[in-house]
Amino acid sequence: MTGTETPTHCPYCALQCGMSLRPVAGPEVAEVVERTGFPVNRGALCGKGRSAPAVLRRGVRLTSPLVRRRPGGELEEAGWDEALGRIAGGLGGVRAAHGADAVGVFGGGGLTNEKAYALGKFARVVLGTSQIDYNGRFCMSSAAAAHQRAFGLDRGLPFPLEDIPRTGCVILVGSNLAETMPPALRYLTELKANGGRLIVIDPRRTRTAEQADLHLAPRPGTDLALALGMVHLVVAEGRVDEEFVRARTRGWEEARAGAMAHWPELVERICGVPVARLREAVELFCGAESGMVLTARGPEQQAKGTDTVGAWINFCLATGRAGRPLSGYGCLTGQGNGQGGREHGQKADQLPGYRKLTDPAARRHVAEVWGVDPESLPGPGRSAYELLDALGQDVRALLVMGSNPVVSAPHASHVERRLASLDFLAVADVVLSETAALADVVLPVTQWAEESGTTTNLEGRVVLRRRALDPPEGVRSDLEVLHALAGLLGHGKGFPADPAEVFEELRRASAGGAADYAGITYERIAAEDGVFWPCPDADHPGTPRLFLDRFATEDGRASFVPVVHRAAAEETDREYPVVLTTGRVVAQYQSGAQTRRVDELNAAAPGPFVELHPRLAERIGVAEGEPVAVTSRRGRAVAPARITGAIRADTVFMPFHWPGEGRANTLTNPALDPVSRMPEFKVCAVRLEAAR
Ligand SMILES: Nc1nc2c(c(=O)[nH]1)N[C@H]1C(S)=C(S)[C@@H](COP(=O)(O)OP(=O)(O)OC[C@H]3O[C@@H](n4cnc5c(=O)[nH]c(N)nc54)[C@H](O)[C@@H]3O)O[C@H]1N2
Ligand SMILES: Nc1nc2c(c(=O)[nH]1)N[C@H]1C(S)=C(S)[C@@H](COP(=O)(O)OP(=O)(O)OC[C@H]3O[C@@H](n4cnc5c(=O)[nH]c(N)nc54)[C@H](O)[C@@H]3O)O[C@H]1N2
Ligand code: SF4
Ligand SMILES: [Mo]
C-alpha cells in the first residue's frame, strides 16, 4: 500500500476525530491528511492526533513477542508459537490448578468494539471466568450508573455535539476540554458567539474555565453539595418546571426534600463557593430558553460520583432541561472507545448490547449467538480495582489487553506489587508499557492504522477505522491473538480474526439490547459519517437524539434519585492538610505509554509537576521549578513546582501521565463508589514539603 489516502480516526480520545492517512516512504510510515468532511472535528486535530503516526515506527513500538524464560530473568525476544504456547499454558495451567475464576482478564476502553466483544466472549466462553473488567471502570462508570438509574439507558451524550452551540446555557462540570478534547472547544466558542452562556465548575481556572461567563471553583470532592445547593436555589427561587416534573418524571418529592436540606450558606461552607455565585449560576441557567449540563471526570472520579451525577441530573429534571430539544444532561466520555467499550461485554457485569449478565433472557440470547449453554456463562465478577487488588491471591493469572495500570490505577505501588505476585501475567500491547515490563509474556499487536474496526464516540456515533497501512512484520492483531489462544485452549471455532466477521456477530448479539447495533454495517458507517445507536434494523436511521418522547424506563418517565451530600473518603487533617486532585495535560495521553514516545509531545510536556498556589508555595518554601515532595497515606511522589494563582490555595494538582518518582497514582486513594466501583482519583489528603 502506498500513496493512497485512507479516511480513518484518531487512536486516542473519545472525540474520535476524523483524519486521513497516507503511507510515506522512510522511517515515518505515514502522514496525516486533513479530513474536513467529518462533522465532529471538520479537519481539526490536536497535537496528539497529528503526531499519532510517530508511534507506528519500528524501534518505537514492539515488533517481536517477548518472554521471560526464567522467573526473575529478563524479557527476551521469542517467536509467536512459543509466546502463544506459554500464554495458553500459563492461563490453562492456573485454571486447571485453581479453577476458572483464578484467571483474570483486564481490558481497555481504547479497544475497538470488535476487540471488546471478542475479549468478553473469550473470558466467558474459553476461560470460563467471571473475572473480567477494564479500565473504563476508572473512567465513566459513575456517569454510566447514574444514567441507568435516572433514564434507564446509558449513552454519554443524548444529543450530537452539533446541538451544543444552539442551546441557551451550558454548565460544564469538571471537564477541561480545551486540553482534553481541543477540537471540541469550537462548540463552546460557537455557543458564545450565538449568545449562549457558559458556566465552568472546576477547582482550577483552566484554559476551559477561561472561556466561561462564570467560573465556580469548589474544593475538590464537594460537587455533590454544590449540585444540591443549586437544586435548593431552583426551588427557593420558584424556578421548578412543575409541568415537566409532573408529566415526565417520578420521585421529585423525595429528591426535593434531600436538596432542601442543603442551604446555600451550608453549601458555601462545604464548597468554598459564595452563595452569590451559586445564585448567579442558577439565574444564568434558568434564564435561558434551554440548557445542558455536561460532566467529565472532575465530579465523576469520586467515591460518590454516581450520586453527584445523580444530583446534576436532578437539577436538569427539576428545571425541565432534559428530554427536550437542545437540553439535557450528558457525560463527556474519555477513551477512544469509551462508549462502545462499555457496551459489548468486557465489563464485569455485562453481555453485548449493554445487556446484564444477571438477566436470564439476556443470557439466553447471547448464549444462543455464541452456541453455548446459558448455564455455562459465569456470573458477574469483580470491578477493575477489586480485580487488581485480588491478584496473587484469588486471581493467579492475568491477561491484560489495552491498559497500563502500573501508571493509571489508584494506589499504584500496591497494584504493582499485586501484579508482581501473580503466577502468570500476559500483556498484549503496542509498546513496552510499564505493565508489559512486568509480564511473563508480551505480545506486540497491530495499531489503529493497520487494522479495521469500529469505535463509538462520545456522542454514541459508531465510526469506522479503516486499515490504511500494512503492519510491520512480527506483529499480529488482538483479534488474531484471541483467535490463536482460543484455538490452543480448545476453541477452534467462534473467534474469527477478521474484524468484519466479528462485527457481524456483534450485530446479532446486540440485537434487541439497549445498545442495539443490528442495523449498523461498515458500509452504512462509511456512507453516513457514522451511525448513532440504537439502530435496530437496516431501514432505521439511527438515533442522534434520545429521550425526546420518552425516557428509556418502563413507564417512560425519568427518575429523580434522592441524594444527600457526604464527605470525601479521605478528608484533610493536621497531618495531611492539603487536597490533591489529579488529571491531564493536553500533550500527553493517559498513562503516557504511547505519547511519551513522541518527541514533539515530550517537548511540550516533558514530565510531571505539582501545580500549586503562590501562598502554598511560599508556606512550604519552594520556588517555581523546584522539587516538591507530596506525601499521602499511601506513598510519596516528587515533582517540580508549577506555581499559579489559577488553583485554589488549599488544593494541589498533578497530572498522572508519568511513572517513577513523579507518579501521581502513588498517592491516590482507592476508595470506591458503592454503586459504580469508581475509585476516588480526584480527592485525597496530602502533605507538601520542599524536596531540595
Ligand atoms: N490530553 C489528553 N486528553 C485526553 C486524555 C488524556 O489523558 N490527555 N484522556 C482522555 C480520557 S480517557 C478522559 S476520561 C478525558 C478526561 O477529560 P477531563 O475530565 O476533561 O480531564 P481531567 O483532567 O481528568 O479532569 C477535568 C478537570 O476536573 C477538574 N477537577 C479536579 N477535581 C475536581 C473536583 O473535585 N470537582 C470538579 N468539578 N472538578 C475537578 C480538574 O481540575 C480538571 O481540570 O480526557 C480524554 N482526553
Ligand atoms: N490519578 C489519576 N489516575 C487516572 C485518571 C485520573 O484522572 N487521575 N484517569 C483514569 C482514566 S479516566 C482512565 S481512562 C485510565 C486510563 O489508563 P490506562 O488504562 O493505563 O490507559 P492508557 O495509557 O491509554 O493504556 C492503554 C494501554 O494499551 C495500549 N494500547 C493502545 N491501543 C491498544 C490496542 O488496540 N490493543 C492493545 N492490546 N493495546 C493497546 C497502550 O499502548 C497502553 O499501554 O486512567 C485512569 N487513571
Ligand atoms: S481531540 Fe482526541 S480524537 Fe481529536 S485529535 Fe486529539 S486526541 Fe485525537
Ligand atoms: Mo478515561
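Both Phe 151 and Phe 551 are buried (buried means under 20% relative accessible area, exposed over 50%, partly exposed in between, with a 1.4 Å probe and protein chains only). This is a predicted model, in which local features need pLDDT of at least 70, side-chain atom pairs count only at pLDDT 80 or more, and totals for chains, interfaces and linings use all residues. Residues are numbered from 1 along each chain as its sequence is written, chains are lettered from A and ligands numbered from 1 in the order in which they are written, and side-chain values use heavy atoms, without hydrogens and water.

## Aromatic pairs

Rings of Phe, Tyr and Trp (its six-membered ring) pair if their centres lie within 6.5 Å; planes under 30 degrees apart count as stacked, over 60 as edge-to-face and the rest as tilted. The count by this rule is 12 aromatic pairs. One of them is edge-to-face: Tyr 117 and Trp 370, with 6.3 Å from centre to centre and 70° between the planes. Tyr 117 belongs to helix α3 (residues 113–127) and Trp 370 to helix α14 (residues 360–370), so this pair ties together parts that are 253 residues apart in sequence. Helices (H or I, at least four residues) and strands (E, at least two) are DSSP runs, numbered from the N terminus. Tyr 117 is buried, at a relative accessible area of 1%. Trp 370 is buried too, at 9%.

Phe 151 and Phe 551 form a stacked pair, because their ring centres are 5.4 Å apart and their planes meet at 15°. Phe 151 lies in helix α4 (residues 141–151), and Phe 551 in the loop between β21 (531–532) and β22 (558–559), so the pair ties together parts that are 400 residues apart in sequence. Elsewhere, ring pairs link Phe 106, Phe 138 and Phe 681 into a cluster.

## Charges over rings

A charge sits over a ring if NZ of Lys or CZ of Arg is within 6 Å of the ring centre and within 35 degrees of the ring normal. Lys 121 lies over the face of Phe 495, at 5.0 Å from the ring centre. Arg 642 has its charged end over the ring of Phe 609, 3.6 Å from the centre.

## Ligands

A residue is near a molecule if one of its heavy atoms lies within 4 Å of it. Around ligand 1 there are 33 residues, and the closest are Asp 202, Asp 223, Arg 584, Gln 588 and Gln 590. Around ligand 2 there are 31 residues; Asn 135, Ser 403, Ser 408, Asp 429 and Ser 591 come nearest.

The table gives polar contacts (pairs of N or O atoms within 3.5 Å; within protein, one must be able to donate a hydrogen and the other to accept it, and residues adjacent in sequence count only if both atoms are side-chain atoms).

| Residue and part | Ligand atom | Distance |
|---|---|---|
| Gly 174, backbone | ligand 1, oxygen | 3.5 Å |
| Asn 176, backbone | ligand 1, oxygen | 2.8 Å |
| Val 585, backbone | ligand 1, nitrogen | 2.9 Å |
| Asn 135, side chain | ligand 2, oxygen | 2.6 Å |
| Ser 408, side chain | ligand 2, oxygen | 2.6 Å |
| Arg 584, side chain | ligand 2, nitrogen | 3.1 Å |

The protein covers 95% of the 920 Å² of accessible area that ligand 2 has on its own. For ligand 1, the protein covers 99% of 910 Å². Accessible areas come from the Shrake-Rupley method with a 1.4 Å probe; for residues, only the protein chains shown count as cover.

Ligand 3 has a shell that includes Cys 10, Cys 13, Cys 17, Cys 46 and Gln 16. By class, this shell has nine nonpolar, two polar and one charged residues. Ala, Val, Leu, Ile, Met, Phe, Trp, Tyr, Cys and Pro count as nonpolar, Asp, Glu, Lys and Arg as charged, and the others, Gly among them, as polar. The side chain of Gln 16 also makes a polar contact of 3.1 Å with that of Thr 455. Thr 455 lies in strand β19 (residues 453–456). Thr 455 is buried, with a relative accessible area of 0%.

## Backbone exceptions

Most residues other than glycine have a negative phi, and most peptide bonds are trans. Tyr 354, not a glycine, has a positive phi of about 60°. Tyr 354 is in the loop between β14 (350–351) and β15 (355–356), and is buried at 10% relative accessible area. His 411 has a positive phi of about 45° and is not a glycine either. His 411 lies in the loop between α16 (405–408) and α17 (412–420), and counts as buried at 15% relative accessibility. Trp 533 and Pro 534 are joined by a cis peptide bond, with omega about -5°. Pro 534 lies in the loop between β21 and β22.
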